[in-house]
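Here's a model to walk through, with an eye on its aromatic rings. Have a look before reading on.

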Amino acid sequence: MKLKYGTNPHQQYASVDSIDPGRSPIALLNGTPSLINFLDALNAWQLVRELRSALALPAATSFKHVSPAGAAVAVPLDDDLRRAYQVDGRDLSPAAVAYVRARGADPKSSFGDFVGLSDKVDRATAEFMRSVVSDGIVAPGYDPDALEILKTKKSGGFIVMQANLDFEPPDREAREVFGMRLVQDRNNHQVTRADLANVKCGSITDEAARDLVLGLVTIKYTQSNSVGYAVGGQMIGIGAGQQSRIDCTKLAGAKADVWQLGLHPKVLGLDFKATVKRQERINWRVRYIEGDLTRPEERAFSDAVARAAEPLTQAEKAEFLATRRGVSLASDGFIPFRDNIDQASKHGVSFIAEPGGSTRDGDIEAACREHGIALVYTNLRLFHH
């Protein structure tokens with residue numbers, strides 16, 4: 001298949017071929033994908049397929065630049081989350097709930113995302129997708145009315161791909177880089193709750209086990225180094241592609257804090273004018289939480305709200321975040337220093353899953369006990385490049 005272009009528009013020639021012409025993992029139903037669209041689709045489909053198998057719940061992911069901005073399974077939304085995700089009054093199917101959660105993990109980053117769904121796309125999911133800015137979707141099937149809705153997005157250019165549920169990839173994979181062909185065994189380890197058996201300290205609740213599996217599967221398809229925070233059946237912060245693990249932990253933790261503060265009464269109470277678009281509301285909520293608005297932003301924010309909003313102070317943020325616990329953290333490589341644990345404890349982390357195997361494992365275990373964090377060694381590195 002000839003693609004729209006390669007990684008960049010000036011890389012004009014790009015194509016994709018099935019290794020076995022008779023067996024393809026994905027079929028194109030609508031639109032003209034680029035090379036990055038295809039990479040997003042292939043990674044997104046693997047992620048949601050593995051989550052569906054591991055947790056027996058509909059799963060969704062929101063991909064940007066070949067890493068997930070969010071991922072989730074279909075855990076019902078409470079009233080505050082419905083308000084935060086702007087889905088009050090909507091009749092949401094399980095598949096729709098999974099995607100609403102996945103996109104709500106980091107909605108600023110999910111602007112223009114590529115969607116992966118583990119289940120057939122129904123009308124409720126398509127109707128929600130109609131209201132957000134997105135580039136494409138991959139799923140195992142589509143109800144006829146849902147497919148017609150999606151085909152109207154982006155003036156008919158929305159990319160729709162159908163995954164083949166029966167497709168199994170080869171045991172080895174290869175890529176060509178700068179005149180060299182690199183071959184490796186495919187990472188075919190399927191993450192399950194059995195990977196959480198080696199508990200070093202504390203105890204793991206059923207909800208935490210679900211969230212740790214979610215986190216491990218998500219970072220398995222995230223550019224490394226990566227660390228992910230999860231709670232309530234969804235990712236709330238992903239730190240991807242950092243050279244230092246502590247930077248992953250800090251980046252993901254900062255995103256998790258923004259997600260948590262999105263449920264603060266002051267944030268939920270922001271009264272936007274009816275003319276303010278959905279994505280603009282999302283961006284303003286994030287900037288309001290961050291609090292460091294420039295003077296032009298202050299004027300624009302004042303014009304966007306129907307009534308003046310009192311600032312969300314640092315003291316109010318700290319007080320609210322101090323009440324948020326039960327977060328699960330998954331790391332794709334071993335945690336080398338206790339500073340990662342100290343940082344995680346600032347963001348409500350109560351459970352951690354990591355490979356183990358560092359020379360400082362004893363320090364990591366001591367730090368977890370000090371902070372009251374349950375620690376699991378998976379003996380499983382999940383680097384992805």
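This is a predicted model: local features need pLDDT of at least 70, side-chain atom pairs count only at pLDDT 80 or more; totals for chains, interfaces and linings use all residues.

Residues are numbered from 1 along each chain as its sequence is written, and side-chain values use heavy atoms, with hydrogens and water left out.

The structure has three aromatic pairs. Rings of Phe, Tyr and Trp (its six-membered ring) pair if their centres lie within 6.5 Å; planes under 30 degrees apart are stacked, over 60 edge-to-face, and the rest tilted. One of the pairs is Trp284 with Phe301, tilted at 5.5 Å centre to centre and 50° between the planes. Trp284 sits in helix α9 (residues 278-290) and Phe301 in helix α10 (residues 295-304), so this pair ties together parts 17 residues apart in sequence. Helices here are DSSP runs (H or I, at least four residues), numbered from the N terminus.

Phe301 also pairs with Tyr288, this time stacked, at 5.9 Å centre to centre and 25° between the planes. Tyr288 belongs to helix α9 too, so that pair links parts 13 residues apart in sequence. Trp284 and Phe301 are buried, and so is Tyr288; buried means under 20% relative accessible area (1.4 Å probe, protein chains only).

Elsewhere, Leu321 is in helix α11 (residues 314-321) and is buried, at 17% relative accessible area. Beyond its neighbours within four places in sequence, Leu321 contacts (heavy atoms within 4.5 Å) Asp257, Gln260 and Leu261. Lys153, finally, lies over the face of Phe158, 5.4 Å from the ring centre; the cut-offs for a charge over a ring are NZ of Lys or CZ of Arg within 6 Å of the ring centre and within 35 degrees of the ring normal.

Note on methods: Helices (H or I, at least four residues) and strands (E, at least two) are DSSP runs, numbered from the N terminus. Buried means under 20% relative accessible area, exposed over 50%, partly exposed in between (1.4 Å probe, protein chains only).
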